[in-house]
Amino acid sequence: MKYRFYKNGGLRVVLLGIVMLMMLCSTARATTVIDTLDTFDGWNVFATDSHDDAHGGDGYEADYLFYKLDGQELSLGLQTRFNVEGTEMEFDNHLHDSGDHTHIAGYYGGYFAGDLALSFDGDVSGSGGSGYEYAVDFGLYTEAYGGYYRKQVSVSQDAHGDHGHDTGTDAEGLYGGVSWRNDLIYDSSAPFAMTDSDTPDGIVGALMSNDTGTEEKNGFLSYYRKVVLNLANVSGVSSENDVDVHWTMSCGNDEIDGHIIGGNPVPEPTTIALLGIGLAGFGGSYLRRRRRQKKAA
Ligand SMILES: [Ca+2]
Ligand SMILES: [Ca+2]
Ligand SMILES: [Ca+2]
Ligand SMILES: [Ca+2]
């Protein structure tokens with residue numbers, strides 16, 4: 001009786017099923033789940049980056065881009081596990097000399113948060129991110145990665161020497177006619193940080209607010225940035241324009257990209273896939289109905 005129990009083909013199928021289920025479960029566990037932060041409730045998600053694609057681990061992850069539109073006020077949100085927070089800390093050159101960066105805002109593992117790269121003309125082609133003609137500078141201290149030892153990055157350092165010395169910090173704002181510094185480890189993540197601008201003091205009245213903070217989510221510390229732009233003060237741009245958004249950090253270990261069409265998000269691949277599954281299901285039920293009708297006839 002016991003012998004026949006093991007020879008039972010049905011039992012083998014059940015055991016195989018259990019093993020396959022266990023394999024599926026272990027695959028699911030390997031994928032990190034990061035939900036959107038509560039602070040973005042009611043916002044539109046227009047980019048969901050992989051939660052497991054950053055070189056160097058969790059601390060370099062970019063996870064989501066969000067937007068809201070209210071008349072000519074465009075709100076943009078960024079959710080990362082790279083530190084993009086920073087309100088109170090000022091950069092101190094003595095810290096730089098001693099290699100102690102622990103008190104620097106927008107910093108993780110030796111690398112610095114980049115600017116939010118924006119394009120309003122639907123075209124992001126061109127090398128080194130030249131298709132992104134605008135930048136939101138969060139007002140963080142910024143250094144580039146390589147070529148020479150951590151060159152400080154601000155619009156004042158190159159063409160606008162009369163704006164001061166190389167502070168590495170620009171006033172928070174929306175900047176136009178931007179060129180980029182991109183000496184990253186992972187070049188494909190360009191653009192990184194603006195190094196020059198046609199509007200070296202920022203576009204007047206364009207950046208209405210610039211908020212930051214942290215929330216714990218799914219067992220990780222997540223950081224966010226929220227900016228509100230008044231497009232009425234940006235010449236030649238309105239809420240009807242397409243918007244492309246890009247962000248990375250000075251190593252380029254992860255990047256995130258999103259596109260808004262005239263204030264409406266492009267459906268994400270998951271949405272398209274779900275739609276496909278829905279259509280396939282609809283087609284299947286249609287065929288089954290046809291077959292039943294044929295049988296009945
Ligand atoms: Ca990512
Ligand atoms: Ca462009
Ligand atoms: Ca800057
Ligand atoms: Ca990415």
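I began with burial: of the 297 residues in the protein, 38% are buried (20 or more other C-beta atoms within 10 Å of a residue's own, with C-beta atoms placed from the backbone; exposed means 12 or fewer, partly exposed in between). I noted that this is a predicted model, in which local features need pLDDT of at least 70 and side-chain atom pairs count only at pLDDT 80 or more, while totals for chains, interfaces and linings use all residues. Residues are numbered from 1 along each chain as its sequence is written, and chains are lettered from A and ligands numbered from 1 in the order in which they are written.

**Confidence.** I looked up the pLDDT (the predictor's confidence in each residue, from 0 to 100). Its mean for the protein is 81, and 66% of the residues reach 70 or more. Over residues 87-103 the value is below 50; this stretch has 12 contacts in the model beyond near neighbours in sequence (a contact requires C-beta atoms, placed from the backbone, within 7 Å). Residues 159-165 are also below 50, with 6 such contacts.

**Strands.** I recorded 4 helices and 15 strands in the protein (DSSP runs numbered from the N terminus: H or I of at least four residues for helices, E of at least two for strands). Of the contacts with a separation of 6 or more, 61% are between residues 24 or more positions apart.

I then followed strand β3, residues 73-80, and found 6 of its 8 residues buried. Strand β2 (residues 62-70) pairs with β3 in the antiparallel sense over 8 bridges (pairing requires at least two DSSP bridges). Leu69 stands opposite Leu74 of β3. The two strands form a hairpin with 2 residues between them, and Gly71 in the turn has a positive phi of about 60 degrees. I also traced β3 to strand β12 (residues 220-230), which runs antiparallel to β3 and is joined to it by 8 bridges. Ser75 has Val228 of β12 as its bridge partner.

**Core.** I located the largest nonpolar core, of 63 residues (buried Ala, Val, Leu, Ile, Met, Phe, Trp, Tyr and Cys joined through C-beta atoms within 7 Å). Its largest share, 5 residues, comes from β2. Leu116 and Leu174 are among the residues with the most contacts inside the core. Leaving aside residues up to four places away in sequence, Leu116 touches several residues, including Leu76, Leu78 and Trp247.

Leu174 lies in strand β8, residues 173-176. I count Leu174 as buried because 28 C-beta neighbours lie inside 10 Å. Asp137 is 37 residues from Leu174 in sequence, yet their C-alpha atoms are 6.5 Å apart.

Technical notes:
Contact = placed C-beta atoms within 7 Å.
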